[in-house]
Amino acid sequence: MSEKLAIEGGAPLRQTPFPSWPIWDENEERQLLEVLHSGQWGMLSGTKVHAFERAFADYQQAKHGICVVNGTAALEVSLAAVGVGPGDEVITTPYTFVATVNAALSLGAIPILVDVDPNTFCIDVEQIEGAITSRTKAILPVHIAGQPADMDAILAIAKTHGLRVVEDACQAWGAEWRGRRVGALGDLGTVSFQASKNITAGEGGIIVTNDDQLADICWSLHNVGRRKGGLWYEHVRQGWNYRMTEWQGAILLAQLARADTLSERRSRNAHHLSEALQSIPGIHPLKIDQRVTRHAWHIFIFRYQSDEFGDMSRDRFIEALQAEGVPCAPGYVPLNQSPALLDGLKRIQTFREDAPPPRPCPVAERVCTQEAVWFTQNMLIGSEQDMNDIVAAIAKIQRWAK
Ligand SMILES: Cc1ncc(COP(=O)(O)O)c(C=O)c1O
């Protein structure tokens, strides 16, 4: 007789919490006090945001970094900078945070959602060319969970069709595609420092690029259309005030200092967990493309196969695993079916009647509703024993369910 599940009233396998997030120490405190005492709380007169932009761009192997208020703003500015405007089409995926499609919609552009690869949950590059029309302006791949999308194929397709590439690297700073860090592989790349991210200031974002001209346009767009070196009231284009505060810059400098130590721990634990999960039939960690030389491990995702668990539904499995003391989540809903997208498209149809409706995305629909299970990055900064507990809890559920 197998051990009773916690969800059925048995004892939970694990009582101790996983590591909490964010992590900070006296470095963050010192940085914040420096800003406080300087009286320079805005980035235009301060030093912290500039210092972080330089340090982070170097970290990502990019020539330029432009900090903004959040990842969504980074996407809006980037898409606007490459010329995406009302009625244009932007190819991206349904398996992402809603901000990816919102950024295009807020510019009046139509997100064309191409289904994902079932093994990586990144855009299925085989389907991109079929989605290109005369209105397509850009491809917006999402490096989901911290794994780069197939940038070889994406950059080649973009070149053939004269399209711009904006990388949604919001979850993937530090990740590498064939030895090169993501973000500046395409024209522009965006990163988020929102509270859950692998380094965070509560909110925040940055755009990285190797293109001098695009860097200047992004800088201008995020600073109410000002010209670098121009007069205070000289606004050469319509822009936003998306400037980051010095508080955020200060925190991010301190966070970046321990980024590599934490990344190595996440990576070690993620590999241990992936290997250990191989002992459990029906649990399939996402595949890692061989050209990915560094994974950012923002989320650890596996596919759950219910027929190996006595047909227990994915959602019931998640409840059972949570009850055993292992936090987990089902993750995204498929954005091709999201009211947010339909709402945005309705507005766009007022000036582009022929705006195409979202296409079916059977892989994203299936994995979102039946298969995906997420662990957040903070769980991966724990010990090897923490990983072993996750495996033991899943094995316990399987023994009970079978
Ligand atoms: C893939 C992806 N794109 C965009 C965003 C938007 O970033 P933010 O929440 O900083 O606006 C996020 C994170 O929240 C994200 O995970």
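In the predicted model, T190 sits opposite I207 of strand β9. Strands and helices here are DSSP runs, numbered from the N terminus, with at least two residues (E) for a strand and at least four (H or I) for a helix. Residue numbers start from 1 along each chain as its sequence is written. Since this is a predicted model, local features need pLDDT of at least 70 and side-chain atom pairs count only at pLDDT 80 or more, while totals for chains, interfaces and linings use all residues.

On to the whole sheet: it is open, has 7 strands in the order β1-β9-β8-β5-β4-β2-β3, and its pairing is mixed. At the edges are β1 (64-68) and β3 (110-113), each pairing on one side only. Direction ignored, neighbouring strands are turned by 25° against each other on average. In general, strands of a sheet pair through backbone hydrogen bonds, either parallel or antiparallel.

Further along the sheet, β5 and β8 pair in the parallel sense over 3 bridges, with G189 of β8 as the bridge partner of E167. β4 and β5 are parallel too, over 2 bridges, and A138 stands opposite R164 in β5. Next comes β2 (residues 89-92), joined by 3 bridges to the parallel strand β4 (residues 136-139); here E89 faces T136 of β4.

How covered are these strands? In β5 (residues 164-168), 5 of the 5 residues are buried, so the strand is largely enclosed by the rest of the structure. Buried means 20 or more other C-beta atoms within 10 Å of a residue's own, exposed means 12 or fewer, and partly exposed lies in between, with C-beta atoms placed from the backbone. Both faces of β5 are covered, with R164, V166 and D168 buried on one side and V165 and E167 on the other. Strand β8 (residues 188-192) likewise has 5 of its 5 residues buried: L188, T190 and S192 on one face, G189 and V191 on the other.

A215, in helix α6 (residues 212-222), is buried, with 22 other C-beta atoms within 10 Å. Leaving out residues up to four places away in sequence, A215 touches H64, I66 and T209; contact means C-beta atoms, placed from the backbone, within 7 Å.

The largest nonpolar core has 123 residues, of which V68, V77, L79, A138 and C218 touch the most other members. Such a core is a set of buried Ala, Val, Leu, Ile, Met, Phe, Trp, Tyr and Cys residues joined through C-beta atoms within 7 Å. Helix α3 (residues 71-81) gives the largest share, 7 residues. At least three core residues come from each of domain 1 (26-258) and domain 2 (259-333 + 362-401), with bounds from an automatic or database domain assignment. The C-alpha centres of the two domains are 28 Å apart, and 30 residues of domain 1 contact 25 residues of domain 2.

Technical notes:
Contact = placed C-beta atoms within 7 Å. Pairing = 2+ DSSP bridges. Axes fitted to C-alpha atoms, helices over the stretch in contact; angles between N-to-C directions.
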